[in-house]
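Please keep the sequence and the structure in view while reading.

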Amino acid sequence: MPLVIDDPKLEPIAGKVLASERLNHDDGVALYRSHDILAIGYLANLVRERKSGNVTYFNVNRHINPTNVCVAACRLCAFGRQVRDPKAYTMSLEQVWETAGTGYAEAVSEFHIVGGLHPELTLDWYCEMIRGLKERYPQVHLKAFTMVEIGYLARRTHLSLEKTLRRLKEAGVDSLPGGGAEIFHERVRRIICDHKISGEEWLETARTAHRLGLRSNATMLYGHIETEEDRVDHLLKLRGLQDESGGFVTFIPLAFHPANTPLQHISPTTGFDDIKNIAIARLLLDNFPHIKAYWIMMTPKIAQVAQRFGADDIDGTVVEEKIYHDAGAATAQSLRRSELLRLIRQAGREPVERDTLYRPVSRDEATFTVLV
Ligand code: V47
């Protein structure tokens, strides 16, 4: 199908993408201001197919949130609770290890572990949790702790970021998820997450992790009070760090869910904006290998369409999601592997089950166990 451009402002951008040239800040803003979603999608799909061909990746994973107690009280969040809130919970180590073994236990290749900033849980406690998981589930990749949790643990332990990350890596952390990045600009952070580490600190923590050989993901939370310039600035900061470190694996745009947060007067994002964010991320982040359409956040239907608008990943089975569901997500808490396969195949893509670092996973179909 030929490229049809309705918005003349996109013409120079299309020229650059066709010539594999890097887009700049103004290009990013022009893309966000354009409604020509088919031209933007065409270009993003071109880049996506250059990188991943016809493949869409997914994994069999399980989320674990050891505590929702959080001292940060971010306005964007419906998950975190004060210690004395009746809905606050903190799992014991045994509960974490037991929870990890429930639901799809035989098949999981990744635990995605994130939680609140608990004022009493120590670095030793987290290291013990990780060692215990590794002992019990040695084949499972541990993608654990956002840059925000790392920063908080380092501060409370009076250790450098590097020493804190080293301790967690020695305990068994294999990589870091992409959460907590939100929007890097200080003006926005002051309103949506004023007690969190700054954007610079988030980037510095990622830089340190990458230097130690820990790969990570990156996210951007959009659809609240940020401007189009803030989004582009955020993406270009991530691109700049990726040029330096090469440590990012996947970028995941996250749509703000306002329900049950102090910002619930803000309207939720639309499907149009969700698709545009996937496509523009694919076009600006030319050095990120993968763009994930997180079905929990976008709905399986939009995440499926996104596979033709720049995304090459749909995330995984998840099993038990809390952060988005506390903020009113109406999606299921889990999708079966067979359902992920169906969504991907019906988008005309070839499903490939991956591990966290995008190596293909082969299974013994009879026992459903991972073949190494
Ligand atoms: O860090 C919190 C965001 C993130 C809300 O790395 C909210 O593979 C919307 O980071 N509405 C957690 N978003 C999710 C996350 C993630 C998800 C899937 C895969 C990966 C990965 C990472 O969710 C938080 C924050 O940015 N968040 N509250 C809310 N009300």
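## Basis of the model

The model is predicted: local features need pLDDT of at least 70, side-chain atom pairs count only at pLDDT 80 or more, and totals for chains, interfaces and linings use all residues. Residues are numbered from 1 along each chain as its sequence is written, and side-chain values use heavy atoms, with hydrogens and water left out.

## Nonpolar cores

A nonpolar core is a set of buried Ala, Val, Leu, Ile, Met, Phe, Trp, Tyr and Cys residues joined through side-chain atoms within 4.5 Å. Buried means under 20% relative accessible area, exposed over 50%, and partly exposed in between, with a 1.4 Å probe and protein chains only. The largest such core holds 113 residues, and Phe-111, Met-129, Leu-133, Trp-202, Leu-238 and Phe-251 have the most contacts inside it. A second, separate core has five residues, among them Val-55, Tyr-57, Val-249 and Val-352.

Contact means heavy atoms within 4.5 Å. When neighbours within four places in sequence are set aside, the contacts of Leu-238 include Phe-184, Trp-202, Phe-248, Phe-251 and Phe-288.

## The sheet E9-E1-E10

Helices (H or I, at least four residues) and strands (E, at least two) are DSSP runs numbered from the N terminus; two strands pair if DSSP finds at least two bridges between them. Three strands form an open, parallel sheet in the order E9-E1-E10. Its edge strands, E9 (313-316) and E10 (350-353), each pair on one side only. On average, neighbouring strands are turned by 25 degrees against each other, direction ignored.

Strand E1 (residues 55-59) is joined to E10 by four bridges, with Thr-56 partnering Pro-351 and Phe-58 partnering Glu-353. Two bridges link E1 to E9, where Asn-59 stands opposite Gly-316. Both faces of E1 are covered: Val-55, Tyr-57 and Asn-59 are buried on one side, Thr-56 and Phe-58 on the other. Helix H15 (residues 337-346) lies across E1, E9 and E10 and runs at about 165 degrees to E1. For such angles, axes are lines fitted to C-alpha atoms, for helices over the stretch in contact, and values run from 0 to 180 degrees between N-to-C directions.

## Pocket and cavities

On a 1 Å grid over the protein atoms alone, a cavity is a set of points where a 1.4 Å probe fits but cannot get out, and a pocket is an open set with protein on both sides within 12 Å along at least five of seven lines; lining residues have an atom within 4 Å of a point. Grid points are joined across faces, edges and corners, and a volume is the space filled by probe spheres set on the points.

The largest pocket contains about 940 Å³ of space. Of its 47 lining residues, Leu-76, Cys-77, Glu-182, Lys-196 and Ile-323 lie nearest its centre. There are two cavities of 30 Å³ or more, and the largest cavity has a volume of about 50 Å³. Its lining includes Gly-116, His-118, Tyr-126, Glu-149 and Arg-156, and H6 gives the most to this lining, with four residues.

## Positive phi angles

His-158 has a positive phi of about 55 degrees and is found in the loop between H6 and helix H7 (161-171). His-158 is exposed, with a relative accessible area of 73%.
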